[in-house]
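Please open the structure in your viewer and keep the selection tool at hand. The tour below moves from one selection to the next and says what is there.

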Amino acid sequence: MTRPYQGDTKEAKDVNLQIVKKLREGENCLHELSTKQNHISLPQLDEILECLRRLLEKSKVPHAYLLDVDLFEIRRHVQNNSYNHVKELYSQVFERPNKSTTDNLSVLAMIQEECGHMHMKYLKWDKAYEVFLKSFHSYQDYSSQDYNKQKKCVLVQMIMANILGDLNKDPFKENGAHLFKDDEDVMWFRALQISHINKNEISFHKILTNIIQISFQYPQLRLHSLRLLIVPRSNVILSDDIEDDEDDELTEKKISPSSSSSLKKEKTRNKRIKLSTSNKKKNVNGTDKKTVHNNNNNLNMVEVEADIKQELNQISKRLIHLEEVKHNGRLLSRYSNEYKNDIEIVKAAVINYPPIFLSLNQELHDNREIVNAAVSNGPMLSFVSPNFKQDYDIVKNAIIFKSSAINHASPELKENLNIILEAVKRD
(Lines give C-alpha, C1' and ligand atoms only; values in the text may rest on other atoms or scores of the structure.)
Protein backbone atom coordinates (compact mmCIF):
# COMPACT_ATOMS: atom_id res chain seq x y z
CA MET A 1 0.00 0.00 0.00
CA THR A 2 1.10 3.57 -0.68
CA ARG A 3 2.61 5.33 2.32
CA PRO A 4 0.77 8.33 3.82
CA TYR A 5 1.49 11.34 1.64
CA GLN A 6 2.72 14.33 3.61
CA GLY A 7 0.54 17.24 2.51
CA ASP A 8 1.15 20.90 3.22
CA THR A 9 -1.58 21.33 5.84
CA LYS A 10 -2.87 19.42 8.85
CA GLU A 11 -6.21 18.95 7.09
CA ALA A 12 -4.47 17.40 4.06
CA LYS A 13 -2.53 15.05 6.32
CA ASP A 14 -5.73 14.01 8.10
CA VAL A 15 -7.46 13.18 4.81
CA ASN A 16 -4.52 11.15 3.61
CA LEU A 17 -4.30 9.23 6.88
CA GLN A 18 -8.04 8.51 6.69
CA ILE A 19 -7.54 7.07 3.19
CA VAL A 20 -4.74 4.81 4.43
CA LYS A 21 -6.83 3.71 7.43
CA LYS A 22 -9.85 2.95 5.24
CA LEU A 23 -7.73 0.99 2.74
CA ARG A 24 -6.37 -1.16 5.56
CA GLU A 25 -9.89 -1.73 6.84
CA GLY A 26 -10.95 -2.78 3.34
CA GLU A 27 -8.02 -5.18 2.98
CA ASN A 28 -8.89 -6.81 6.30
CA CYS A 29 -12.53 -7.20 5.25
CA LEU A 30 -11.51 -8.77 1.92
CA HIS A 31 -9.24 -11.21 3.75
CA GLU A 32 -11.99 -12.17 6.20
CA LEU A 33 -14.48 -12.59 3.36
CA SER A 34 -12.11 -14.79 1.33
CA THR A 35 -11.21 -16.97 4.33
CA LYS A 36 -14.76 -16.94 5.76
CA GLN A 37 -13.46 -15.90 9.16
CA ASN A 38 -16.27 -13.42 9.75
CA HIS A 39 -19.69 -12.39 8.46
CA ILE A 40 -18.41 -9.74 6.07
CA SER A 41 -20.81 -8.89 3.23
CA LEU A 42 -20.25 -7.30 -0.16
CA PRO A 43 -22.40 -4.24 0.77
CA GLN A 44 -19.92 -3.55 3.59
CA LEU A 45 -17.13 -3.49 1.02
CA ASP A 46 -19.20 -1.13 -1.14
CA GLU A 47 -19.59 1.25 1.81
CA ILE A 48 -15.82 1.31 2.31
CA LEU A 49 -15.32 1.91 -1.41
CA GLU A 50 -17.79 4.81 -1.43
CA CYS A 51 -16.05 6.36 1.58
CA LEU A 52 -12.68 6.07 -0.20
CA ARG A 53 -14.03 7.88 -3.25
CA ARG A 54 -15.29 10.74 -1.11
CA LEU A 55 -11.91 11.00 0.63
CA LEU A 56 -10.12 11.05 -2.74
CA GLU A 57 -12.19 14.06 -3.76
CA LYS A 58 -11.01 15.90 -0.64
CA SER A 59 -7.37 14.90 -1.04
CA LYS A 60 -4.93 17.35 -2.62
CA VAL A 61 -2.86 14.46 -3.97
CA PRO A 62 -5.45 11.88 -5.17
CA HIS A 63 -2.97 10.30 -7.60
CA ALA A 64 -0.95 9.08 -4.59
CA TYR A 65 -3.75 6.73 -3.57
CA LEU A 66 -5.73 6.24 -6.78
CA LEU A 67 -4.11 2.92 -7.71
CA ASP A 68 -4.61 1.59 -4.18
CA VAL A 69 -8.32 2.34 -4.43
CA ASP A 70 -8.41 0.78 -7.92
CA LEU A 71 -6.77 -2.35 -6.51
CA PHE A 72 -9.31 -2.55 -3.68
CA GLU A 73 -12.23 -2.13 -6.09
CA ILE A 74 -10.85 -4.79 -8.45
CA ARG A 75 -10.38 -7.22 -5.57
CA ARG A 76 -13.94 -6.53 -4.47
CA HIS A 77 -15.25 -7.45 -7.95
CA VAL A 78 -12.95 -10.48 -8.17
CA GLN A 79 -14.47 -11.64 -4.88
CA ASN A 80 -17.91 -11.32 -6.49
CA ASN A 81 -16.77 -12.97 -9.77
CA SER A 82 -17.72 -9.81 -11.70
CA TYR A 83 -15.57 -10.50 -14.74
CA ASN A 84 -16.84 -7.60 -16.88
CA HIS A 85 -16.40 -5.08 -14.07
CA VAL A 86 -12.80 -6.20 -13.58
CA LYS A 87 -12.03 -5.86 -17.30
CA GLU A 88 -13.60 -2.40 -17.38
CA LEU A 89 -11.67 -1.18 -14.34
CA TYR A 90 -8.44 -2.68 -15.68
CA SER A 91 -8.87 -0.75 -18.94
CA GLN A 92 -9.58 2.47 -17.07
CA VAL A 93 -6.35 2.19 -15.10
CA PHE A 94 -4.26 2.29 -18.27
CA GLU A 95 -6.39 4.83 -20.10
CA ARG A 96 -6.26 7.33 -17.24
CA PRO A 97 -4.09 10.33 -18.27
CA ASN A 98 -2.14 10.81 -15.04
CA LYS A 99 1.10 9.65 -13.47
CA SER A 100 -0.40 7.25 -10.94
CA THR A 101 0.30 4.22 -13.13
CA THR A 102 4.04 4.87 -13.15
CA ASP A 103 4.40 6.23 -9.62
CA ASN A 104 3.58 2.93 -7.92
CA LEU A 105 4.62 -0.07 -9.98
CA SER A 106 4.12 -2.50 -7.12
CA VAL A 107 0.40 -1.65 -6.85
CA LEU A 108 0.11 -1.75 -10.64
CA ALA A 109 1.64 -5.24 -10.57
CA MET A 110 -0.94 -6.32 -7.97
CA ILE A 111 -3.76 -4.99 -10.15
CA GLN A 112 -2.42 -6.96 -13.13
CA GLU A 113 -2.07 -10.04 -10.93
CA GLU A 114 -5.71 -9.79 -9.76
CA CYS A 115 -6.86 -9.49 -13.38
CA GLY A 116 -4.80 -12.55 -14.23
CA HIS A 117 -6.61 -14.48 -11.48
CA MET A 118 -9.93 -13.38 -12.95
CA HIS A 119 -8.95 -14.61 -16.43
CA MET A 120 -7.90 -17.94 -14.88
CA LYS A 121 -11.30 -18.29 -13.19
CA TYR A 122 -12.98 -17.96 -16.58
CA LEU A 123 -10.52 -20.27 -18.36
CA LYS A 124 -9.00 -17.48 -20.47
CA TRP A 125 -5.54 -19.05 -20.33
CA ASP A 126 -3.85 -16.96 -23.04
CA LYS A 127 -5.15 -13.69 -21.58
CA ALA A 128 -4.19 -14.79 -18.08
CA TYR A 129 -0.65 -15.59 -19.22
CA GLU A 130 -0.34 -12.22 -20.95
CA VAL A 131 -1.53 -10.26 -17.89
CA PHE A 132 0.57 -12.30 -15.44
CA LEU A 133 3.59 -11.59 -17.66
CA LYS A 134 2.88 -7.85 -17.44
CA SER A 135 2.55 -8.19 -13.68
CA PHE A 136 5.89 -9.98 -13.47
CA HIS A 137 7.58 -7.23 -15.49
CA SER A 138 5.99 -4.56 -13.28
CA TYR A 139 7.38 -6.28 -10.19
CA GLN A 140 10.74 -6.53 -11.99
CA ASP A 141 10.75 -2.84 -12.89
CA TYR A 142 9.94 -1.99 -9.29
CA SER A 143 13.33 -3.57 -8.46
CA SER A 144 12.62 -4.57 -4.88
CA GLN A 145 13.69 -7.79 -3.16
CA ASP A 146 10.62 -7.40 -0.94
CA TYR A 147 8.45 -8.55 -3.84
CA ASN A 148 10.33 -11.75 -4.71
CA LYS A 149 7.51 -13.79 -3.17
CA GLN A 150 4.98 -12.08 -5.46
CA LYS A 151 7.26 -12.56 -8.46
CA LYS A 152 7.46 -16.29 -7.74
CA CYS A 153 3.69 -16.51 -7.28
CA VAL A 154 3.07 -14.76 -10.61
CA LEU A 155 5.65 -16.97 -12.34
CA VAL A 156 3.91 -20.08 -11.01
CA GLN A 157 0.57 -18.76 -12.30
CA MET A 158 2.17 -18.23 -15.71
CA ILE A 159 3.31 -21.85 -15.71
CA MET A 160 -0.18 -23.04 -14.76
CA ALA A 161 -1.81 -20.93 -17.49
CA ASN A 162 0.75 -22.22 -19.99
CA ILE A 163 -0.02 -25.86 -19.11
CA LEU A 164 -3.79 -25.47 -18.84
CA GLY A 165 -3.99 -23.61 -22.15
CA ASP A 166 -1.27 -25.70 -23.84
CA LEU A 167 0.22 -22.38 -24.99
CA ASN A 168 3.72 -23.70 -25.87
CA LYS A 169 5.43 -20.82 -24.07
CA ASP A 170 8.47 -20.89 -21.81
CA PRO A 171 8.00 -18.52 -18.86
CA PHE A 172 11.66 -18.94 -17.86
CA LYS A 173 12.81 -17.17 -21.02
CA GLU A 174 11.23 -13.97 -19.76
CA ASN A 175 13.54 -11.30 -18.39
CA GLY A 176 14.40 -12.07 -14.76
CA ALA A 177 12.45 -15.34 -14.58
CA HIS A 178 15.58 -17.51 -14.82
CA LEU A 179 16.64 -16.23 -11.38
CA PHE A 180 13.86 -18.29 -9.81
CA LYS A 181 14.09 -21.50 -11.82
CA ASP A 182 15.95 -23.37 -9.06
CA ASP A 183 13.88 -21.91 -6.23
CA GLU A 184 12.04 -24.65 -4.34
CA ASP A 185 8.61 -23.00 -4.65
CA VAL A 186 9.03 -22.62 -8.42
CA MET A 187 11.07 -25.75 -9.15
CA TRP A 188 8.09 -28.07 -8.61
CA PHE A 189 6.05 -26.24 -11.25
CA ARG A 190 9.02 -26.10 -13.61
CA ALA A 191 9.23 -29.90 -13.32
CA LEU A 192 5.46 -30.11 -13.87
CA GLN A 193 5.84 -28.12 -17.09
CA ILE A 194 8.72 -30.33 -18.26
CA SER A 195 6.70 -33.51 -17.66
CA HIS A 196 3.74 -31.92 -19.50
CA ILE A 197 5.89 -31.01 -22.52
CA ASN A 198 7.48 -34.48 -22.59
CA LYS A 199 4.04 -36.12 -22.12
CA ASN A 200 5.32 -37.99 -19.07
CA GLU A 201 1.94 -38.70 -17.48
CA ILE A 202 3.28 -40.69 -14.53
CA SER A 203 5.61 -37.92 -13.36
CA PHE A 204 3.02 -35.26 -14.19
CA HIS A 205 0.33 -36.78 -11.96
CA LYS A 206 2.79 -37.64 -9.20
CA ILE A 207 4.05 -34.04 -9.02
CA LEU A 208 0.58 -32.57 -9.40
CA THR A 209 -1.06 -34.62 -6.64
CA ASN A 210 1.79 -33.77 -4.29
CA ILE A 211 1.45 -30.06 -5.11
CA ILE A 212 -2.28 -30.25 -4.34
CA GLN A 213 -1.56 -31.80 -0.95
CA ILE A 214 0.62 -28.90 0.22
CA SER A 215 -1.35 -26.08 -1.40
CA PHE A 216 -4.33 -26.27 0.97
CA GLN A 217 -3.46 -22.83 2.33
CA TYR A 218 -3.59 -21.26 -1.14
CA PRO A 219 -7.10 -21.71 -2.63
CA GLN A 220 -6.22 -20.24 -6.06
CA LEU A 221 -3.24 -22.56 -6.48
CA ARG A 222 -5.19 -25.60 -5.33
CA LEU A 223 -8.04 -24.69 -7.67
CA HIS A 224 -5.81 -24.47 -10.76
CA SER A 225 -4.00 -27.69 -9.76
CA LEU A 226 -7.34 -29.50 -9.53
CA ARG A 227 -8.22 -28.18 -12.99
CA LEU A 228 -5.17 -29.97 -14.36
CA LEU A 229 -6.64 -33.26 -13.14
CA ILE A 230 -9.90 -32.53 -14.97
CA VAL A 231 -10.49 -33.20 -18.65
CA PRO A 232 -8.24 -30.71 -20.53
CA ARG A 233 -9.83 -27.33 -21.28
CA SER A 234 -13.15 -28.44 -19.84
CA ASN A 235 -16.02 -25.95 -19.91
CA VAL A 236 -16.57 -26.56 -16.21
CA ILE A 237 -15.82 -23.40 -14.19
CA LEU A 238 -14.66 -24.12 -10.65
CA SER A 239 -15.58 -21.36 -8.22
CA ASP A 240 -13.44 -20.34 -5.27
CA ASP A 241 -16.59 -20.78 -3.17
CA ILE A 242 -16.59 -24.53 -3.76
CA GLU A 243 -15.89 -26.40 -0.54
CA ASP A 244 -13.05 -28.93 -0.40
CA ASP A 245 -15.45 -31.90 -0.37
CA GLU A 246 -17.21 -30.55 -3.48
CA ASP A 247 -13.83 -30.08 -5.16
CA ASP A 248 -12.99 -33.72 -4.45
CA GLU A 249 -16.36 -34.94 -5.70
CA LEU A 250 -16.07 -32.97 -8.96
CA THR A 251 -12.50 -34.10 -9.47
CA GLU A 252 -13.30 -37.77 -8.93
CA LYS A 253 -15.93 -37.59 -11.68
CA LYS A 254 -13.56 -36.05 -14.22
CA ILE A 255 -10.06 -37.41 -13.60
CA SER A 256 -8.57 -40.26 -15.54
CA PRO A 257 -8.38 -43.72 -13.90
CA SER A 258 -4.58 -43.49 -13.66
CA SER A 259 -4.80 -40.58 -11.22
CA SER A 260 -7.66 -41.85 -9.00
CA SER A 261 -5.39 -43.74 -6.60
CA SER A 262 -3.13 -40.71 -6.26
CA LEU A 263 -6.13 -38.52 -5.51
CA LYS A 264 -7.34 -40.91 -2.77
CA LYS A 265 -3.91 -40.72 -1.20
CA GLU A 266 -4.05 -36.92 -1.49
CA LYS A 267 -7.46 -36.79 0.20
CA THR A 268 -6.25 -38.95 3.08
CA ARG A 269 -3.30 -36.66 3.67
CA ASN A 270 -5.50 -33.59 3.33
CA LYS A 271 -7.85 -34.90 6.02
CA ARG A 272 -4.90 -35.31 8.35
CA ILE A 273 -3.76 -31.79 7.55
CA LYS A 274 -7.26 -30.34 8.00
CA LEU A 275 -7.67 -32.16 11.31
CA SER A 276 -4.43 -30.83 12.69
CA THR A 277 -5.17 -27.34 11.32
CA SER A 278 -8.60 -27.23 12.96
CA ASN A 279 -7.17 -28.47 16.23
CA LYS A 280 -4.59 -25.73 16.09
CA LYS A 281 -7.34 -23.10 15.87
CA LYS A 282 -9.26 -24.50 18.84
CA ASN A 283 -8.83 -23.17 22.36
CA VAL A 284 -6.35 -25.43 24.09
CA ASN A 285 -7.03 -24.25 27.64
CA GLY A 286 -8.29 -27.70 28.57
CA THR A 287 -6.43 -30.57 30.16
CA ASP A 288 -2.81 -31.48 29.56
CA LYS A 289 -3.96 -34.54 27.58
CA LYS A 290 -5.82 -32.34 25.09
CA THR A 291 -2.80 -30.09 24.77
CA VAL A 292 -0.54 -33.05 24.08
CA HIS A 293 -3.05 -34.44 21.57
CA ASN A 294 -3.20 -31.12 19.70
CA ASN A 295 0.58 -30.83 19.70
CA ASN A 296 0.84 -34.32 18.24
CA ASN A 297 -1.62 -33.39 15.49
CA ASN A 298 0.39 -30.28 14.68
CA LEU A 299 3.54 -32.37 14.52
CA ASN A 300 1.77 -34.81 12.17
CA MET A 301 0.87 -31.92 9.85
CA VAL A 302 4.47 -30.70 9.81
CA GLU A 303 5.80 -34.22 9.20
CA VAL A 304 3.32 -34.88 6.38
CA GLU A 305 4.14 -31.60 4.67
CA ALA A 306 7.88 -32.16 5.10
CA ASP A 307 7.59 -35.66 3.56
CA ILE A 308 5.61 -34.33 0.61
CA LYS A 309 8.08 -31.51 -0.01
CA GLN A 310 11.00 -33.94 0.15
CA GLU A 311 9.34 -36.22 -2.39
CA LEU A 312 8.51 -33.24 -4.62
CA ASN A 313 12.10 -32.02 -4.47
CA GLN A 314 13.47 -35.44 -5.44
CA ILE A 315 11.08 -35.89 -8.37
CA SER A 316 11.48 -32.30 -9.57
CA LYS A 317 15.28 -32.16 -9.39
CA ARG A 318 15.62 -35.41 -11.30
CA LEU A 319 13.25 -34.27 -14.07
CA ILE A 320 14.96 -30.88 -14.33
CA HIS A 321 18.46 -32.39 -14.44
CA LEU A 322 17.35 -34.88 -17.10
CA GLU A 323 15.96 -32.07 -19.22
CA GLU A 324 19.09 -29.93 -18.72
CA VAL A 325 21.59 -32.59 -19.84
CA LYS A 326 19.51 -33.26 -22.95
CA HIS A 327 20.51 -29.76 -24.06
CA ASN A 328 23.93 -29.53 -22.38
CA GLY A 329 25.61 -32.80 -21.39
CA ARG A 330 28.51 -30.94 -19.75
CA LEU A 331 26.23 -30.04 -16.83
CA LEU A 332 26.46 -33.63 -15.58
CA SER A 333 29.82 -32.84 -13.97
CA ARG A 334 28.11 -30.27 -11.67
CA TYR A 335 25.53 -32.65 -10.27
CA SER A 336 25.71 -34.68 -7.08
CA ASN A 337 26.75 -38.36 -7.20
CA GLU A 338 23.09 -39.38 -6.99
CA TYR A 339 22.48 -37.96 -10.47
CA LYS A 340 25.93 -38.84 -11.84
CA ASN A 341 24.99 -42.49 -11.25
CA ASP A 342 21.47 -42.23 -12.67
CA ILE A 343 21.52 -44.29 -15.88
CA GLU A 344 18.84 -42.27 -17.68
CA ILE A 345 20.45 -38.91 -16.85
CA VAL A 346 23.96 -40.15 -17.72
CA LYS A 347 22.77 -41.63 -21.02
CA ALA A 348 21.07 -38.35 -22.00
CA ALA A 349 24.24 -36.42 -21.11
CA VAL A 350 26.46 -38.78 -23.13
CA ILE A 351 24.18 -38.56 -26.17
CA ASN A 352 24.40 -34.76 -26.09
CA TYR A 353 28.11 -34.56 -25.21
CA PRO A 354 29.94 -37.90 -25.74
CA PRO A 355 33.27 -36.76 -24.14
CA ILE A 356 31.51 -36.65 -20.75
CA PHE A 357 31.85 -40.45 -20.94
CA LEU A 358 35.52 -40.06 -19.94
CA SER A 359 34.57 -38.63 -16.53
CA LEU A 360 32.22 -41.48 -15.61
CA ASN A 361 33.07 -44.06 -12.97
CA GLN A 362 34.17 -47.60 -13.83
CA GLU A 363 30.73 -49.07 -13.19
CA LEU A 364 29.22 -46.82 -15.85
CA HIS A 365 32.14 -47.50 -18.20
CA ASP A 366 31.08 -51.15 -18.01
CA ASN A 367 27.45 -50.37 -18.73
CA ARG A 368 26.66 -51.51 -22.27
CA GLU A 369 23.78 -49.01 -22.71
CA ILE A 370 26.03 -46.07 -21.78
CA VAL A 371 28.91 -47.30 -23.95
CA ASN A 372 26.59 -47.74 -26.92
CA ALA A 373 25.26 -44.18 -26.46
CA ALA A 374 28.82 -42.82 -26.37
CA VAL A 375 30.13 -44.57 -29.51
CA SER A 376 26.90 -43.93 -31.45
CA ASN A 377 27.19 -40.16 -30.97
CA GLY A 378 30.93 -39.49 -30.91
CA PRO A 379 34.40 -40.93 -31.73
CA MET A 380 34.63 -42.77 -28.43
CA LEU A 381 35.39 -46.39 -29.37
CA SER A 382 39.10 -45.97 -28.57
CA PHE A 383 38.18 -45.14 -24.94
CA VAL A 384 35.97 -48.15 -24.16
CA SER A 385 37.17 -51.35 -22.52
CA PRO A 386 38.53 -54.24 -24.72
CA ASN A 387 35.44 -56.42 -24.27
CA PHE A 388 33.30 -53.75 -25.96
CA LYS A 389 35.77 -53.42 -28.83
CA GLN A 390 34.90 -56.97 -29.75
CA ASP A 391 31.13 -56.42 -29.38
CA TYR A 392 29.71 -56.56 -32.91
CA ASP A 393 26.82 -54.12 -32.36
CA ILE A 394 28.93 -51.62 -30.42
CA VAL A 395 31.61 -51.57 -33.11
CA LYS A 396 29.05 -51.36 -35.91
CA ASN A 397 27.35 -48.34 -34.31
CA ALA A 398 30.73 -46.68 -33.80
CA ILE A 399 31.55 -47.19 -37.49
CA ILE A 400 28.15 -45.82 -38.52
CA PHE A 401 29.08 -42.61 -36.70
CA LYS A 402 32.63 -42.53 -38.09
CA SER A 403 34.18 -45.11 -40.41
CA SER A 404 37.68 -44.70 -38.95
CA ALA A 405 36.39 -46.32 -35.73
CA ILE A 406 37.25 -49.66 -37.37
CA ASN A 407 40.88 -48.95 -36.44
CA HIS A 408 39.96 -49.38 -32.75
CA ALA A 409 37.95 -52.58 -33.16
CA SER A 410 39.29 -55.94 -31.99
CA PRO A 411 41.47 -57.93 -34.46
CA GLU A 412 38.64 -60.38 -35.07
CA LEU A 413 36.12 -57.68 -35.99
CA LYS A 414 38.64 -55.87 -38.18
CA GLU A 415 38.55 -58.95 -40.40
CA ASN A 416 34.77 -59.35 -40.25
CA LEU A 417 33.34 -58.88 -43.74
CA ASN A 418 30.17 -57.11 -42.60
CA ILE A 419 32.15 -54.68 -40.46
CA ILE A 420 34.53 -53.97 -43.36
CA LEU A 421 31.62 -53.37 -45.75
CA GLU A 422 29.99 -51.01 -43.21
CA ALA A 423 33.22 -49.01 -42.93
CA VAL A 424 33.63 -48.81 -46.70
CA LYS A 425 30.00 -47.73 -47.06
CA ARG A 426 30.62 -44.82 -44.63
CA ASP A 427 33.80 -43.56 -46.39
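A polar contact is a pair of N or O atoms within 3.5 Å; within protein, one must be able to donate a hydrogen and the other to accept it, and residues adjacent in sequence count only if both atoms are side-chain atoms. This is a predicted model, in which local features need pLDDT of at least 70 and side-chain atom pairs count only at pLDDT 80 or more, while totals for chains, interfaces and linings use all residues. Residues are numbered from 1 along each chain as its sequence is written, and side-chain values use heavy atoms, leaving out hydrogens and water.

Select N162 to begin, together with N168: a polar atom of the N162 side chain lies 3.4 Å from the backbone nitrogen of N168. N162 counts as buried because its relative accessibility is 5%, where buried means under 20% relative accessible area (1.4 Å probe, protein chains only). Leaving aside residues up to four places away in sequence, N162 touches Y129, L167, N168, K169, P171 and Q193, contact meaning heavy atoms within 4.5 Å.

Next, show helix α8 (residues 148–164), which holds N162, beside helix α9 (residues 184–197); the two pack at an angle of about 15°, with their axes 10 Å apart. The helices are DSSP runs (H or I, at least four residues), numbered from the N terminus, and axes are lines fitted to C-alpha atoms over the stretch in contact, with angles from 0 to 180 degrees between N-to-C directions. α8 and α9 are therefore roughly parallel to each other, a term for angles under 35 degrees.

Finally, select V93 in helix α4 (residues 83–95), which counts as buried at 1% relative accessibility.

Terms used
Buried < 20%, exposed > 50% of the residue type's maximum accessible area, 1.4 Å probe, protein only. Parallel < 35°, antiparallel > 145°, perpendicular 65-115°, else oblique.
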